[in-house]
Amino acid sequence: MKQVDYIIVGCGLASIAFCEELRANNKTFLVFDNNSQKSSIVAAGLYNPVILKRFSEVWKAKEQLALSIPTYTRVENELNIKIDYKLRILRRFTSIQEQNKWFTASDKPGLEAYLSTELVKNTNSAIDAPFALGEVLHAGRIDTETLILNYKNFLKENDCFEEGTFQHSKIQFESGIIQYNNLQAKQIVFAEGFGVKQNPYFKAIPLTGSKGEIITIKAPDLKIDYAVKSSVFVIPLGNDLYNVGATYDNDDKTNQPTEKAKEELLSKLKTFINCEFQVVNHVAGIRPTVKDRRPLVGRHAEHKDLYVLNGLGTRGVMIAPYVAKKLYNFIENNDVLDSEIDVNRFV
């Protein structure tokens with residue numbers, strides 16, 4: 001009979017961040033994953049402290065960055081991989097009025113560290129930006145696919161990973177110990193993303209889910225080493241490849257790419273990119289989104305050894321280490337969860 005402190009269900013950004021908390025505190029664990037959830041792998045992976053649509057601060061941006069960047073650095077060092085790419089993000093202005101809004105926002109206490117007050121003049125003939133661009137500071141990109149694939153291999157090498165579908169019906173509660181097949185654990189943390197809808201213990205949580213699609217283009221003449229945000233993001237990957245995204249669809253809950261989304265992305269891209277390019281990839285995933293745009297973290301109302309870590313939405317690379325630490329301290333140190341992330345705020 002194998003015994004661990006934790007069972008973790010799911011192996012996306014939330015799960016990996018919680019695993020790192022457990023490893024830092026010498027806790028034993030086993031991760032179950034069946035590769036059904038794609039949102040973390042297909043994510044753009046940007047860590048960006050500014051909402052660029054309306055020039056406002058991302059929720060808890062400073063706290064999230066202070067935890068997330070060191071976390072990914074530790075993973076890079078432990079796994080001997082490169083996943084954190086420092087990246088300039090330039091917001092394309094469509095008018096003088098947008099420039100003025102940018103400067104007004106840059107004076108706000110929560111944004112002054114992140115919005116440069118020096119306009120970036122466009123000198124790239126492949127980009128249409130007559131009103132210049134604004135630079136976001138302290139931003140970058142996490143290569144989420146490389147992170148997840150390598151982290152799974154790391155877990156397998158350390159006998160901490162079980163590939164396959166976790167069967168919720170096989171959970172047995174016995175005198176403070178959870179029994180699952182030939183495994184005993186003290187706690188279970190469900191970090192299943194949108195897959196939580198198949199979880200009988202947490203399927204009622206108000207996770208709406210938003211489908212996002214991204215295309216990858218090859219554009220030899222674009223020649224940018226920074227991300228551009230206009231009606232869509234263009235994110236450099238190297239070797240003349242760029243991710244373009246993303247779409248938002250609250251109705252379709254499949255991981256299948258659609259021609260409609262592809263055409264939407266291409267239409268928006270062509271409004272400010274005027275060089276030749278070729279679409280070389282197209283992926284989709286369901287983001288675990290919540291109506292109030294806050295994570296869902298906490299304990300099951302009846303089964304006190306079951307926990308949820310979910311609802312990271314569109315900014316998982318930033319939020320994951322922050323909420324993972326909050327949940328760990330809630331479980332192990334009896335810290336009080338902030339009401340704005342506590343899953344019980346909807347009860």
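Trainee: Why are helices H1 and H7 called oblique to each other?

Mentor: The axes of H1 (residues 13–24) and H7 (residues 316–333) cross at roughly 45 degrees and come within 8 Å. Angles under 35 degrees count as roughly parallel, over 145 as roughly antiparallel, 65 to 115 as roughly perpendicular and the rest as oblique, so this pair is oblique. Axes here are lines fitted to C-alpha atoms, for helices over the stretch in contact, with angles from 0 to 180 degrees between N-to-C directions. Helices (H or I, at least four residues) and strands (E, at least two) are DSSP runs, numbered from the N terminus.

Trainee: What am I looking at, by the way?

Mentor: It's a predicted model, where local features need pLDDT of at least 70, side-chain atom pairs count only at pLDDT 80 or more, and totals for chains, interfaces and linings use all residues. Numbering runs from 1 along each chain as its sequence is written, and side-chain values use heavy atoms, leaving out hydrogens and water.

Trainee: What makes Asp5 buried?

Mentor: Its relative accessible area is 14%. Buried means under 20%, exposed over 50% and partly exposed in between (1.4 Å probe, protein chains only), so Asp5 is buried. This residue is found in strand S1 (residues 2–9).

Trainee: Why is strand S2 described as largely enclosed by the rest of the structure?

Mentor: Because five of the five residues of S2 (residues 29–33) are buried. Phe29, Val31 and Asp33 point one way, Leu30 and Phe32 the other.

Trainee: How do you know that S1 and S2 pair?

Mentor: Pairing takes at least two DSSP bridges between two strands. S1 and S2 have four, in the parallel sense, so they pair.
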